[in-house]
Amino acid sequence: MDIGTIHVDVLVAGGGAAGTVAAIAAARQGLKVLLIESQGCLGGSRTATGVDTFYGFYTPGNDVRRIVGGIPWEIVQKLVEEQACFERPNTYGAGTGITYDVEKLKIVYETMAVEAGVTLLYHSYACEVHSEKNQVTHVMVANKSGMTKVQAKVFIDTTGDGDLAFRGGAPFEKSSLNEMQSLSTIFFLGNVHTEEAKQVSHKELVRLMKKGNRLGDYKLPREDGSWHITPHPGVVQCNMVRVPGVDGTDPFAVTLAEIEGRRQVQEYSRFLKENIRGFEQCSLLSTSQYIGVRETRRIIGDYILTEEDVVEGRKFEDVIACCGAPVEDHQPGNGTRWAYVKGDGIYHIPYRALVPKLLDNLLVAGRCLSATHGAHASARNSAQCMAMGHAAGIAAAISIAENKAFHSIDVDSLKKRLIEEKAILNEAVETSVQ
Ligand SMILES: Cc1cc2nc3c(=O)[nH]c(=O)nc-3n(C[C@H](O)[C@H](O)[C@H](O)COP(=O)(O)OP(=O)(O)OC[C@H]3O[C@@H](n4cnc5c(N)ncnc54)[C@H](O)[C@@H]3O)c2cc1C
């Protein structure tokens with residue numbers, strides 16, 4: 001049943017890292033923006049999935065430079081004001097992470113979106129996309145009211161899975177199930193004596209996992225993983241679960257993955273409690289609201305970012321974001337493949353990687369960007385997803401004002417406006433969060 005039509009300038013579908021920033025950026029340009037989100041909060045992987053550390057703001061290694069500014073950095077500054085985050089040097093080499101209070105981030109995102117004038121619509125799913133002659137005309141949104149028709153001048157797909165672009169007819173790529181990155185259920189444990197627990201090295205943790213599996217005491221599919229402190233005393237976040245071979249756009253497969261993920265959480269929690277100093281009194285506080293999906297559809301755009309671009313530190317004229325994060329490919333089994341950016345340690349994400357082929361009035365931003373499997377494993381970091389969102393929001397305003405397809409907007413004007421809004425497109429800033 002069609003219960004009405006909503007008219008806006010911009011429909012942003014998916015309120016994760018990329019979508020929230022895209023909606024804020026577009027609304028600040030004076031546009032009427034509707035942001036629809038299937039969950040009951042903003043943040044996606046950043047909040048509902050329980051991932052609590054921003055990577056990608058800084059280059060990894062000893063020569064630490066901040067390479068993301070603009071609205072994403074404003075978000076970090078709000079968390080600093082709230083005393084809700086701290087920096088954490090990363091033991092795996094992804095660069096300095098900014099670990100935050102997940103509940104505070106939900107509120108920061110929401111407050112900034114509301115203040116910018118974004119209309120939020122939660123518990124709503126973009127499910128049908130109608131297009132004619134390369135133009136998306138409207139999207140059907142499903143929620144408790146039934147089906148609502150949303151007409152917009154332009155559309156921004158930040159669903160992570162490229163739902164809009166795919167349904168609108170844009171080409172896409174998906175890795176094979178053997179190659180697609182694994183899913184993970186993040187969990188939080190309370191009542192941990194963190195100072196004691198820090199005395200146990202990662203090497204020792206892995207050794208004890210292997211021993212536990214060998215003796216048949218536990219079934220730990222991944223003999224690896226990490227835990228870290230949070231802004232709350234005695235509370236740690238754990239990233240250990242690995243559910244491989246699942247297509248995150250197949251709801252039946254994802255349902256089984258949710259069940260398997262929570263089963264693994266029980267096993268890892270029991271292992272930590274029984275084997276690792278400091279965890280003796282721990283208890284399980286929460287599991288992800290939904291399982292973390294790293295990679296699904298990669299939309300094919302006017303440019304496909306490659307792993308060679310990443311590793312060689314390539315620069316592009318139509319740069320809209322910088323990235324220094326290594327390729328971090330969570331493969332099935334224990335392994336994570338790492339590859340670092342050479343040269344000055346920074347590569348560019350080009351605007352063309354946000355512009356899907358065959359569609360004129362739709363952009364993608366965030367983890368559904370146009371990239372190969374390897375390049376995606378770097379560019380999907382949260383700071384870059386937010387930076388892409390910032391660019392997409394401003395590009396929406398330019399496309400509407402110029403009455404041009406996204407393929408042919410004035411990219412110099414986009415870059416100029418991004419720089420005016422303190423985005424970093426070329427020169428890294430040497431600074432720190434506190
Ligand atoms: C387990 C895990 C650990 C990670 N660890 C880190 C880390 O430590 N640091 C880091 O920087 N990055 C990390 N990442 C990567 C990073 O978090 C993500 O790549 C990034 O946040 C993706 O942002 P996004 O906005 O593109 O997508 P998402 O965060 O996936 O957001 C998409 C949003 O769209 C909504 N949605 C989806 N489909 C629809 C629809 N059809 N209609 C309406 N709404 C819809 C979803 O509910 C969600 O809110 C991790 C990812 C995972 C899964």
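These legends go with close-up views of a ligand site and a cavity in a predicted model.

Local features need pLDDT of at least 70 and side-chain atom pairs count only at pLDDT 80 or more, while totals for chains, interfaces and linings use all residues. Residues are numbered from 1 along each chain as its sequence is written, and side-chain values use heavy atoms, with hydrogens and water left out.

**View 1. The shell around the ligand.**

View 2. Three residues to look for are A17, S45 and N381. A side-chain N or O atom of S45 is 2.9 Å from a ligand oxygen. For A17, a backbone N or O atom lies 3.1 Å from an oxygen atom of the ligand, and for N381 a polar side-chain atom lies 3.4 Å from one.

**View 3. The largest cavity.** About 60 Å³ of space lies in this cavity (points on a 1 Å grid over the protein atoms alone where a 1.4 Å probe fits but cannot get out; lining residues have an atom within 4 Å of a point; the volume is the space filled by probe spheres set on the points, joined across faces, edges and corners). Of its 14 lining residues, V68, I320, A387, A423 and I424 are closest to the centre. The lining has eleven nonpolar, three polar and no charged residues.

Terms used:
Polar contact = N/O pair within 3.5 Å; in protein donor to acceptor, adjacent residues only side chain to side chain. 1 Å grid on protein atoms, 1.4 Å probe; cavity = no way out; pocket = protein on both sides within 12 Å on 5 of 7 lines; lining within 4 Å. Nonpolar A, V, L, I, M, F, W, Y, C, P; charged D, E, K, R; others polar.
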